[in-house]
Amino acid sequence: MCIFASKINYMEQLIVLYLRKLASTPTDFFRYLYHKINWTNRLIVIQGAKGVGKTTLVLQHIKETFPDSSKALYVSLDHIWFTSHSLLDLAEYLYTHGGTHMFLDEVHKYQNWEQEVKNIYDYYPDLHIVVTGSSMLQLEKSKADLSRRHIKYELRGLSLREFINLETGLDFPPISLEQLLTSHSQIAVDISQKVKPLLLFEQYLRKGYYPFYRHDGDQFEERLLNVIDTIINVEIPAVSNIEYSTTYKIKRFLAALASDNPYTLNVNDLAKRLEENRNTVMKMIDLVCLAAIMRKLYSKDGISGMAKPEKILFDNTNIIYAFGREKEGSLRETFFASQMSQGHKLLMPQQGDILIDGRWTVEVGGKRKKYKQIADIPNSYVAADHMEIGVGNKIPLWMFGMLY
């Protein structure tokens, strides 16, 4: 009886924490992914880098969907309760107390979560489960075989469009790439009549990708560096089972790339600089890219599973500023890849900087960037910085941030 009472007391603590968090969750702004999720599915997995807003997303759904908050329960799996209780304990409590939906945050910090979630899915057919976790989760390799049961979504950081809407209170809708390529001049005129896009673009590059910028002010870059440190020290080891010594090597690796980014990859040269072997360097590249700290770009002809990437970029421009290495060329390419990677496949062509979906070639540069370098390539465009309104096949770089 005493043990049972203890469990109830612990559960009361979890419920109080959940209700407090729910009460403080804003509903004045919803991320691009919110309305794309089919919340009726029984098992939903939402992945994303730390700090992009996964927790807020699920709490907003609870707040908007469940007038009776006792029907749902949100918990973070890094809570001390889970040192002596299991997910199955949680499911049993929720089920026997009339709950229908469980929301499990930070699942990558809970060992064997895949097997327990599978068991809950199989043995509690009336329960709906939403889990959120690191962008590093590779569920297709799960021993529990969740692939046949779950629907997976990925949440990216704020787009420039979302940042502009947050900052101005306006509601610019996303535009498709086809709309941008064919009607960018008129779209730019319409937007420029309401806001100053170049000013907002400059602000976004420095601190607009992570939603927590709204609360951290001058401490944003320090907070971001702490987030990156947590990803390296906690999330990467939790998902990849690497040793502590490797996390130190990853920090050296990032420091080396920060001075050269964008970095045309020479694995042997990088291994020599880091005094590591080639295999270790390739493993570190894979880890920081899975963790959404960096991004790999492959050549058009080098997309086989064995090919090495041609170039490595940071995942977004905020990270570049946090490292204090804000070169214009690096910022431009990083911004473009960051915005275009949502919903599109990017490769490095022989001519131009980026090939989108195997169809459109884009050269990224400054306002004076000439079109002649790609003029003989069908469906080719220039993404030009420091331009408010473009003409013809020369499109302002900032406009590629209005797609999601």
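Trp-39 counts as buried, at 15% relative accessibility. Its ring pairs with that of Tyr-34, and the two centres lie 6.0 Å apart with the planes at 55°, so the pair is tilted. Tyr-34 is buried too, with a relative accessible area of 7%. Please keep in mind that this is a predicted model. The protein averages a pLDDT of 91, and 94% of the residues score at least 70. Here is a friendly tour, topic by topic.

**Confidence and overall build**

- One stretch to treat with care is residues 1-6, where the pLDDT is below 50. Beyond near neighbours in sequence, residues 1-6 have zero contacts in the model.
- The protein has 14 helices and 13 strands.
- The radius of gyration is 23 Å, which agrees with the value near 22 Å that a compact globule of 404 residues would have.
- Along its principal axes, the C-alpha trace spans about 80 × 55 × 40 Å.
- Of the 404 residues in the protein, 53% are buried.
- Among contacts with a separation of 6 or more, 67% are between residues 24 or more positions apart.

**Aromatic pairs**

- A search of the whole structure finds 16 aromatic pairs, and the pair of Tyr-34 and Trp-39 has its ring planes at 55°.
- Phe-314 and Phe-323 also form a tilted pair, because their planes meet at 35°, with the ring centres 5.5 Å apart.
- The two partners of this pair can be looked at in turn: Phe-314 is buried, with a relative accessible area of 1%, whereas Phe-323 is partly exposed at 26%.
- Which residues do ring pairs link into a cluster? They are Phe-163, Phe-201, Tyr-204, Tyr-213 and Phe-335.

**Charges over rings**

- The charged end of Arg-42 sits over the ring of Tyr-121, 4.0 Å from the ring centre.
- Arg-223 lies over the face of Phe-212, and here the distance to the ring centre is 4.2 Å.

**Salt bridges**

- The structure holds 18 salt bridges, and a few of them are worth a look in your viewer.
- Lys-118 and Asp-122 form one of them, with their closest N and O atoms 3.1 Å apart. Both residues lie in helix α4 (residues 113-123), four residues apart, which is about one turn of the helix.
- Is Lys-118 buried or exposed? Lys-118 is buried, because its relative accessible area is 18% and the cut-off for buried is under 20%.
- Arg-295 forms a salt bridge with Asp-315, and the closest N and O atoms are 3.1 Å apart. Arg-295 lies in strand β7 (residues 294-297), while Asp-315 is in the loop between β8 (311-314) and α13 (317-322), so the pair ties together parts that are 20 residues apart in sequence.
- Both Arg-295 and Asp-315 are buried.
- Glu-363 and Lys-369 form a further salt bridge, with 3.0 Å between the closest N and O atoms. Glu-363 counts as buried at 8% relative accessibility, whereas Lys-369 is partly exposed, with a relative accessible area of 22%.
- A network of salt bridges links Asp-78, Glu-106 and Lys-109.

**A closer look at Leu-177**

- Leu-177 is placed in helix α6 (residues 177-192), and at 3% relative accessibility Leu-177 counts as buried.
- Which residues is Leu-177 in contact with, leaving aside its neighbours within four places in sequence? These are Met-340, His-344, Ile-356, Trp-360, Phe-400 and Leu-403.
- Leu-177 and Tyr-404 are 227 residues apart along the chain, and their C-alpha atoms are separated by 9.9 Å.

Definitions and conventions
Residues are numbered from 1 along each chain as its sequence is written. This is a predicted model: local features need pLDDT of at least 70, side-chain atom pairs count only at pLDDT 80 or more; totals for chains, interfaces and linings use all residues. Side-chain values use heavy atoms; hydrogens and water are left out. A salt bridge is a side-chain nitrogen of Lys or Arg within 4 Å of a carboxyl oxygen of Asp or Glu. Helices (H or I, at least four residues) and strands (E, at least two) are DSSP runs, numbered from the N terminus. Buried means under 20% relative accessible area, exposed over 50%, partly exposed in between (1.4 Å probe, protein chains only). Rings of Phe, Tyr and Trp (its six-membered ring) pair if their centres lie within 6.5 Å; planes under 30 degrees apart count as stacked, over 60 as edge-to-face and the rest as tilted. A charge sits over a ring if NZ of Lys or CZ of Arg is within 6 Å of the ring centre and within 35 degrees of the ring normal. pLDDT is the predictor's confidence in each residue, from 0 to 100. Contact means heavy atoms within 4.5 Å. The radius of gyration is taken over C-alpha atoms; the globule rule is 2.2 Å times the number of residues to the power 0.38.
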